[in-house]
Every structure is written in structure tokens, then in C-alpha cells.
Amino acid sequence: MFITRLLSGIILVAIALASITKGGIILAALLLFLSIMGMREFYKAARVTKQLTLMELVSYIGAGAYFAVLYFNLQKFMMMTIVAVFLALMVIYVVSYPNIKNREVTVHFFGFFYVAVMLGFMYMTRCRFKGAIEVWLIFLSSWGADTCAYCVGMLFGKHKMTPVLSPKKSVEGAIGGVVGAALLAMIYAIIFKQPIVLYMVIAAIAAVVSIFGDLAASAVKRQYNIKDYGKLIPGHGGVLDRFDSVIFTAPIIYYCSVLLLG
């Protein structure tokens with residue numbers, strides 16, 4: 001299991017390095033693929049679909065349209081695309097009533113926004129003037145913080161943070177994750193000659209949010225009594241199992257970069 005998880009992790013890092021370094025259509029296509037896979041996992045977990053439905057198809061098409069808007073730098077159409085997906089789902093709901101419940105509209109739209117729209121901020125960050133450098137803060141404050149939190153929690157964890165939702169997570173581990181993310185960002189900023197304090201502040205803020213991203217994904221899994229969202233990534237589970245914190249940190253890094261780094 002450890003070897004499988006390690007090898008999968010190495011492959012994930014390699015794919016991330018190649019696609020994020022390249023940017024452009026390669027990164028947009030990868031994020032769209034991850035979005036569709038993640039949305040599919042979420043819909044299956046929420047038990048709104050066992051096979052492809054019209055609402056699910058519309059959600060995927062919406063994700064494709066959203067990333068097309070980002071790729072072609074048509075930001076003024078971003079909100080229009082999001083609203084269009086919601087309206088299309090509502091039309092299907094009305095036309096199919098009473099065979100489709102309003103819960104299905106809610107779940108499908110939430111899945112589209114939670115996965116595709118939120119992951120889209122990674123692409124937006126990469127497109128910034130110094131995006132090739134700033135985008136890695138997303139991973140330092142999510143995967144990096146998660147690793148630091150795990151190590152600190154194993155060594156010093158005594159006080160449970162959320163005993164019911166995630167019994168293994170401790171307050172000490174959470175603090176270690178936030179501090180660890182800030183220290184990683186400091187080293188990263190020194191290496192690439194970026195503003196050290198601002199990078200540390202941004203990473204720390206994003207790390208705090210990443211904790212809630214991880215817990216939010218855990219809450220959904222507990223609610224629907226599943227262990228993993230999927231099996232796409234051997235040893236790690238599904239897209240949502242591996243990218244749950246990334247989904248939350250991506251918009252935080254983008255907006256913090258815009259506000260603090262200019």
C-alpha cells in the first residue's frame with residue numbers, strides 16, 4: 001500500500017510539474033479532466049446518479065464552457081457561464097417535474113461550482129504575470145501543510161480538533177500545518193527571490209482554509225458513509241480525496257496574490 005501510494009504521489013507531482021510549468025491548453029485540459037472526474041465522484045457519493053443523466057451532462061458541458069472561457073481569457077463571461085449552468089439545470093427540473101427533485105438541481109450545481117469553478121482559480125493564478133511562481137503556493141499551503149500537520153500531529157498531537165468528523169486530526173497538527181506552510185513558503189520565496197513575509201502570510205492564510213477544505217470533504221464522506229470518493233489515483237482514492245484541500249486553497253491563493261502581490 002505504501003509503495004503504491006508513493007509511486008502514485010511521484011506520478012502526480014511529475015504531472016503537476018509538467019502541466020503547470022507548461023500552462024496554457026495543457027493545464028486547462030488537465031484541470032477540466034480533474035473537474036469532470038471530481039464532479040462524477042461527488043454525484044455518485046451524493047447518490048443522485050448511477051448512470052449519465054441530462055443534469056450531469058449539462059454540468060460537464062458547463063465545466064467545459066467554463067474552462068474555455070478561462071483559456072480564451074474571456075473573464076467577463078465567467079459569471080454568465082455559471083448562471084447559464086444554473087438556469088439550464090432549473091429548466092431540466094421544470095420540464096421533468098415531478099420525476100426530478102429539487103435536491104438534484106442543488107447537488108449538480110454545487111458539484112459544478114465546488115469542483116470546476118474552484119479548480120479554475122488554479123488556472124487563473126497561473127495566468128498572472130508571476131503566476132508560474134505564485135501557483136505553487138497552492139500546493140505548499142495544501143499538500144505541504146497537510147504533510148506538516150500529519151508529522152506534527154503524530155509526534156505531538158493530544159487535543160482532538162474535530163473528534164466526530166475526523167478523530168485523527170489534532171489542534172497541534174493543525175498549528176503545525178499552518179506554521180509548516182509558512183516556513184515552506186519562506187524557503188520558496190528565498191529561492192525564487194520573492195517577498196518573503198507576504199508569501200508566508202499568504203501560505204498561512206491558505207493553510208488555515210485548506211484544513212476546512214479537508215474537513216468539508218470528510219464531512220460529505222461521513223454523511224454518505226463512504227471511505228473514498230473513488231479509485232482513480234491508486235493509494236490515494238479519487239480526485240476529491242487528493243485535491244480536497246487544493247480546491248479550497250486555489251481561490252484563496254489567487255485573491256491573496258491579487259490583493260497583496262498586485
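Predicted model: local features only at pLDDT ≥ 70, side-chain atom pairs only at ≥ 80, totals over all residues.

Student: Which residues in α3 do Gly 24, Ile 25, Ala 28 and the others in α2 meet?

Tutor: Residues are numbered from 1 along each chain as its sequence is written, and side-chain values use heavy atoms, with hydrogens and water left out. Helices are DSSP runs of H or I with at least four residues, numbered from the N terminus, and contact means heavy atoms within 4.5 Å. From α2 the contact also includes Leu 31, Leu 32, Ser 35, Ile 36, Met 39, Arg 40 and Tyr 43, and the partners in α3 are Glu 56, Ser 59, Tyr 60, Ala 63, Gly 64, Phe 67 and Tyr 71.

Student: How are α2 and α3 oriented to each other, roughly parallel or roughly antiparallel?

Tutor: Axes are lines fitted to C-alpha atoms, for helices over the stretch in contact, and angles run from 0 to 180 degrees between N-to-C directions. The axes of α2 (residues 24-45) and α3 (residues 54-71) come within 10 Å and cross at roughly 155°. Angles under 35 degrees count as roughly parallel, over 145 as roughly antiparallel, 65 to 115 as roughly perpendicular and the rest as oblique. The two helices, α2 and α3, are therefore roughly antiparallel.

Student: What is the angle between α3 and α4, and how do the residues of their contact divide by class?

Tutor: The axes of α3 and α4 (residues 78-96) lie 9 Å apart at an angle of about 170°, so α3 and α4 are roughly antiparallel. Ala, Val, Leu, Ile, Met, Phe, Trp, Tyr, Cys and Pro count as nonpolar, Asp, Glu, Lys and Arg as charged, and the others, Gly among them, as polar. The contact of α3 with α4 divides into 14 nonpolar, three polar and no charged residues.

Student: Is the α3 and α5 pair roughly parallel or roughly antiparallel?

Tutor: Here the axes of α3 and α5 are 10 Å apart, at an angle of about 20°. The pair α3 and α5 is therefore roughly parallel.

Student: Where does Pro 98 lie?

Tutor: Most peptide bonds are trans. Tyr 97 and Pro 98, however, are joined by a cis peptide bond, with omega about 10°. Pro 98 sits in the loop between α4 and α5 (102-126).

Student: What is the phi of Asn 73?

Tutor: Most residues other than glycine have a negative phi. Asn 73, in the loop between α3 and α4, is not a glycine, yet its phi is positive, at about 55°.

Student: Which helix gives the most to the lining of the second largest pocket?

Tutor: A pocket is an open set of points on a 1 Å grid over the protein atoms alone where a 1.4 Å probe fits, with protein on both sides within 12 Å along at least five of seven lines, and lining residues have an atom within 4 Å of a point. The second largest pocket has 19 lining residues, and Leu 12, Ile 15, Leu 30, Leu 34 and Phe 243 lie nearest its centre. Helices α1 (2-22), α2 and α7 (137-156) each supply at least two lining residues. With seven residues, the helix that gives the most is α1.
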